[in-house]
Amino acid sequence: MAKLSWHEILGLITELQKRGFDVVGPSSEGGVVKLLPLEENTKLETNYVRTLNSPKDFLLPNKERLFRYKSTATVTSYGLKIRFPTVEGPCPITIVPEYSPPRGRIAFFGIHPCMVNSIRYLDKVMLSDPADPYYKARREGLFIAVLECDEGDEYCFCKSVGCEKVPNGYADLSIKKEGDGFVVTPRSPTGSSLLMEEGVEQIEETIPKMKEEYLFDAKDEKSIDLKDPANLLEDCTICSSCTVVCPTCYCSDIQDRFSLMDPSNVERIRTRMSCQRKSYSSIAGGVTFLRTKNERFKWRMKHKFPFSERMYGISGCVGCGNCIAFCPSRIDFRTFLGRRVA
Amino acid sequence: MMTMEYNPYLPRPASVNAVREESLETKTLRLSLINWRATFLPGQFVQLLLPGVGEAPFCITSSPSDPKHLELTIMRRGLVTTAAHYMRPGDAVGIRGPFGRPFPVESFKGKDLVIVATGIGIAALRSLILYTIENRNDFGDVTLLYGARFVEDLVYREELKSWAEKIKVIVTLSKPSEKWKGLKGRVTDHLDTIKLGENSLAVICGSPAVMVSVAKTLIEKGLEQKDVYLSMERHMKCGIGKCARCMIPGGFMVCKDGPVFSAGEINLEDVGE
Ligand SMILES: Cc1cc2nc3c(=O)[nH]c(=O)nc-3n(C[C@H](O)[C@H](O)[C@H](O)COP(=O)(O)OP(=O)(O)OC[C@H]3O[C@@H](n4cnc5c(N)ncnc54)[C@H](O)[C@@H]3O)c2cc1C
Ligand code: SF4
Ligand code: SF4
Ligand code: FES
C-alpha cells in the first residue's frame, strides 16, 4: 500500500505507457466524462460517477476489421459489376483472407467497480468456447487500476445486482481517494511491480453508497413476459442510446464493405448492432421476430437478466445506470422489473 | 503471428464444382473444398461467402460421407442468395464452419424416422435423408412427407424417385395444377397416414407455422416432446455464439445450441409465426 500524490498517480500512468500499455482512463470532454486514451493533453478525471462510453468500446470496438480480401469487382460506366474470382487450371485463385491480429496492450486506469464487472461479463461471452480471437488478443495482458467509488448518483444501482465489488482477479491496483491524495494498493504482481512493492495485498473494498436500492425478480423469463411496458415506453423514440452506452451490450453485425472507388478491396467488418432496431431480428423473406418497441424492450431486459443467468450464470446488467442516465426520455426500467426497497 | 490460432471468422477456400437447377427459385451449388476437409453431421450449416457480396448461412445438404465436397441448396431471397444464383462452375467462394449442433444421429439408430419437410425446409433434411439411405440397415422404417405448393416448387424432383426405392416418400402439393396426379393438400392433412409406434422419432423443417402445427399434431398423436426435432432459422452473423443475433427465448443461440432442437428443449410458442 502506498500513499500517492496527484503527481505520483500521473507518474504511474507514464510508467504504464513506458511499459508499452495504451492507457485509457476517464477524462472530461465537452461537459461529459468519457474513457479516453490518456495522452499528454488528456487530463485524468477522478471526480466522476459515470462515463458516457465504457471498456467495451476499447475491447470490442464499434467498427473492427475482421479481415480483408480481394474480389474481382470492377466499376463500369453502367454501375458495379461483380465478377466472381474464378478458379482456373491447376493453380486456383482463391479468396485469401488477410488477417492481422489486434495489437497493443490496454490498461484501464481509474474505472469504477461496475465497469470492471462489465469486463467480466464480456469475458464470459467472448472467451467461452470458441473464444473470439479479436477480443482475446485485445484482452491479453489487460491491466486494470480500479478507482473505488464512494457514492452513486440517482441512476446507479450496482448493489442491487451484486456488482459493487471487483470480481476476483480483476484488479491490478485499487485506488482510493483520501484527502488530497490517493491510497493505492497492489492487487496483482504487475500492480506491485508498478508500485515497486513486494507482494499483493487484500483490502476491504469501499462499498459505494446508493441513493436508491431495488429488488429484482427477473431470473424467470415468464415474469417479464407477463408485464406490459406500454406506459413506460410511451416516450421511447427507439433511438438505441440505451444499448450504445450499456457496457455489456455486445450484439453485433458483420458486413462486407468496399468503396466504389476501389471495389476490389473488400473489408469484412464487425459493427455494433442494437436489439432496439427492427433489422436486428428480420430475416430474408420479410419475417421479423421482434416487431414492436415493447417486444424489443422486453428482449433487452431478458438478455440482461434471465438469458445471461442461464448462459453465463451472472447478471448481464452491472447496475451502472447508463441506459437510464443517457436516455433522452429517462426511461427507467428499474421499477418495471422490480421494486424499490430503499 | 507464425503459429496462428484457429480463427472461426476466417473463411476457407472452395470453388463451385457444379450448379444444379432444382426448382423455379432454388439451385444447388456443389462446392469442392480446396485443401481442407469438412467433418460434419446432418443438420449442421456453413456460412457461405460470395466475394464482394457478403455471407449467409446455409444447411449442408450433402452426405457427411464425402468430406471434400459440400452441397448447398439455395433459395433466392435477397442479396447473397440472388448472387448465388449467378455462380458458375469454377467460381471461388469462401466457407466458414461447419457450425451448429447436428441431429443426434447416433441416438436415431434402430428407430423409425418420420421426416416432415415443407418448401425449402427439405434442404435442411437432405443430408439426413442421404445418411439414412447410406446406412439403411441402421434405421427402421423411414418415411419422408414432403409438401410444396406447386410442382415447380418441388426441390430434388429427380432424386425423390431414387429415394423412394429405399425409404417411403410421400409428396403432397397444396396448390397443384390439374395435371398433378399425386396427393393434394398440406402436410398436416396427411400426418394421419403415417403410423407412429413406440420406436418413432420425428424430424421437421419448414416454415415456423408449419413446424409448430406438425410438431403439435405428432405430440398429440403420442410422440414424446424429446422425440420431435425441429431445425430453426434466425438471423445469423457470427455462427459461433458471439453476436447474439440468432438468440431465441430461453437464451439459446440457434447457431451454437441449435439449429436442431427437440420440442422438449424449447417452447413451441417461440418458434415463430
Ligand atoms: C441455420 C440456417 C440454415 C439455412 N439453410 C438454408 C438453406 O439450406 N437454403 C436456403 O435457401 N436458405 C437457408 N437459410 C436461410 C438463408 O440463410 C437466408 O435466406 C439468407 O441469409 C438470405 O440472405 P440474403 O443476403 O439473400 O438476404 P438479405 O435479405 O439481403 O439478407 C442480408 C443478410 O441478412 C442475414 N439474413 C437474412 N435472412 C436470414 C436468415 N433467414 N437466416 C440467417 N441470416 C439471414 C444474412 O447475413 C444476409 O446475408 C438458412 C438459414 C439459417 C439460419
Ligand atoms: S435510450 Fe431511451 S428512448 Fe432511446 S431506445 Fe433506449 S429506452 Fe428508448
Ligand atoms: S442495462 Fe443499463 S444499468 Fe444495466 S449495465 Fe446496461 S446500461 Fe448499465
Ligand atoms: S449467429 Fe452470432 S450468435 Fe448465433
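## Ligand surroundings and the fold of chain B

In this predicted model, ligand 1 is surrounded by 23 residues, and the closest are A:A284, B:P57, B:T73, B:T81 and B:E233; a residue counts as near a molecule if one of its heavy atoms lies within 4 Å of it. Ligand 1 lies between chains A and B. Residues are numbered from 1 along each chain as its sequence is written, while chains are lettered from A and ligands numbered from 1 in the order in which they are written. Local features need pLDDT of at least 70, side-chain atom pairs count only at pLDDT 80 or more, and totals for chains, interfaces and linings use all residues, with side-chain values resting on heavy atoms and with hydrogens and water left out.

| Residue | Atom of the residue | Distance to an oxygen atom of ligand 1 |
|---|---|---|
| B:M75 | polar backbone atom | 2.7 Å |
| B:L79 | backbone N or O atom | 2.9 Å |
| B:T81 | side-chain N or O atom | 2.5 Å |

Taken alone, ligand 1 exposes 820 Å², and the protein buries 88% of that; accessible areas come from the Shrake-Rupley method with a 1.4 Å probe. The elements of chain B that give two or more residues to this shell are β4 (54-59), β5 (69-75) and α1 (79-84). With five residues, β4(B) provides the largest share. Helices (H or I, at least four residues) and strands (E, at least two) are DSSP runs numbered from the N terminus.

By class, the shell around ligand 1 holds 14 nonpolar, four polar and five charged residues. Ala, Val, Leu, Ile, Met, Phe, Trp, Tyr, Cys and Pro count as nonpolar, Asp, Glu, Lys and Arg as charged, and the others, Gly among them, as polar. Around ligand 3, the shell divides into seven nonpolar, three polar and one charged residue. Among the residues surrounding ligand 3 are A:C246, A:C317, A:C320 and A:C323.

Chain B as a whole has five helices and 15 strands. Of the 273 residues of chain B, 60% count as buried, that is, under 20% relative accessible area with a 1.4 Å probe and protein chains only. The accessible surface of chain B comes to about 11100 Å², and 50% of it belongs to carbon and sulfur atoms.

Technical notes
Buried means under 20% relative accessible area, exposed over 50%, partly exposed in between (1.4 Å probe, protein chains only). A polar contact is a pair of N or O atoms within 3.5 Å; within protein, one must be able to donate a hydrogen and the other to accept it, and residues adjacent in sequence count only if both atoms are side-chain atoms.
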